[in-house]
Amino acid sequence: MTYKRIVIKIGSNVLTLENGLEDIERFRHISSQIAFLKKQGVEIILVSSGAVAAGRSMVKLPENIHDTVSTRQLFAAIGQVKLINTYNELLEPHGLQCAQVLVTKEDFRDRLHYLNMRNCFATLLQNNILPVVNENDVISVTELMFTDNDELAGLIASMMDVDALIILTNVDGLFNGDPSDPKSMVIPVIDKTNLNFNIFVSGNKSQFGRGGMITKSKMAHKLAQTGVTVHIANGKRNNILLDLLDNKPMGTKFLPLEGASTLKRWIAYSEEYAKGTVFVNEGAKVALLREDKASSLLPVGITKTEGSFDKGDIIKVMDEEGHFIALGVSQFSSEKTKSILGKKNQKPLIHYDYLYINHEK
C-alpha cells in the first residue's frame, strides 16, 4: 500500500511497563520506525499518550492525596516535558525534529479554529517536523476532556486529510470472541458487510489508558465512513509500522468509504457543536440511510425541531424515536424551518454535500 500521509496513535499501554513506568526501549523502537518512514517520504503526525505515566514515574505523592483531578494535572504537567524530551532525544540521531502540540476539545469548536489548527499542522509537515500531539491534560478536565486519545487521533486524521490512521495498542486487533479464548481469532477486515462488530468487542480498558476497544472500534468505523483507512494493531510487536506499510496482514483494517469530502469529515466530528435538532419521519429516515442513493434532507420529511439555529449552523437529525441519524449544515434558520415543516416542493434543509450520515448499527 502507498500512504503519503498518516496519523499514528500510540496508547499508554504500548509505552509503559507493567508497573506503569516508561518503556524506553519501546519508545526507541517506535521512534526508529517513524524515522525510517519519514525518510521514505511519508508525512507523519504522532498522537502519543504517556505523559501522565511519565509524570507518575517522576513524582511520589503522599498517600493521603485523593484528588484524582489534581493528581492527573500534576502528573501531566511534569510528564509532558519528559515525554517530548524523550521523543526529541530519540529522533535527533536520525536528523529529525519534533514539535509538541497540546490540544483540548475547545480547539475544535468551530470552523475557524479548525482551519487555524489545520494550517499549523500543515506548516510543521511542510518543514519536515514531526508533530507530537497529546491532549492538554493540565487543563482538560470533565467536559473538556476527549473520550481518550483515540478520539483526538480520529479528529486530527479527519482534519488533515490523511490516507490512514494507525492505532497501536497492546492487542493484535479486533477479535471475533474473547481475546483470552484460544479459539478467538483476529478479524482482519471490517467493511460495510460486518459493521455490527460491537458484539465481538470487549469493553475492558487498559490499566493506564482511558479508552477501551469499543471506543477504538466506534471511532475507527466513523473515520472509515469519512474515507480514511484505519488499522488497529499491536504496538508491542517489533516493526509493526513497517510491516503494516509493507502490506503485511497485521491487526484489523477498517476499509474506507470512497469519495468522502473534507467538509463532511469536519461535520462528522461536530456533534457537540450542534445548535439544534430536527426530527424526521420514517420515509425521510429510510431515504437518508439508503447506501445506493444520495439524498438531501427535505422539509417534507421533517416533523419537528428543537433548539434555535441559524443558516450555516450544524444541526442534528434524529428519527421520531430519538435515534441519531445524521449531522449537517442547515440552509435555513430554525424559524424558517418551522414555517415549512412537512411541505413539498421546498429546497433542502440540508443538502447532501453538507450532510454526514451515521450508518453505525
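1. A salt bridge here is a side-chain nitrogen of Lys or Arg within 4 Å of a carboxyl oxygen of Asp or Glu. With that cut-off, a search of the whole structure turns up 12 salt bridges.

2. Some ground rules. This is a predicted model, where local features need pLDDT of at least 70 and side-chain atom pairs count only at pLDDT 80 or more, while totals for chains, interfaces and linings use all residues. Residues are numbered from 1 along each chain as its sequence is written, and side-chain values use heavy atoms, with hydrogens and water left out.

3. Lys82 pairs with Glu22, the closest N and O atoms sitting 3.0 Å apart. Lys82 is in helix H4 (68–91) and Glu22 in the loop between helix H1 (12–15) and helix H2 (24–39), so this bridge ties together parts 60 residues apart in sequence. Helices are DSSP runs of H or I with at least four residues, strands are E runs of at least two, and both are numbered from the N terminus.

4. On accessibility, buried means under 20% relative accessible area, exposed over 50% and partly exposed in between (1.4 Å probe, protein chains only). Glu22 is buried at 9%, whereas Lys82 is partly exposed at 28%.

5. Arg28 and Glu25 form a salt bridge at 3.5 Å, N to O. Both lie in helix H2, 3 residues apart, about one turn of the helix. Arg28 is partly exposed at 40%; Glu25 is exposed at 51%.

6. Lys285 meets Asp319 at 2.9 Å, N to O, in another salt bridge. Lys285 belongs to helix H10 (282–289) and Asp319 to strand S11 (314–319), so the pair links parts 34 residues apart in sequence. Asp319 is buried, with 4% relative accessible area.

7. Finally, salt bridges link Lys9, Asp150 and Lys216 in a network.
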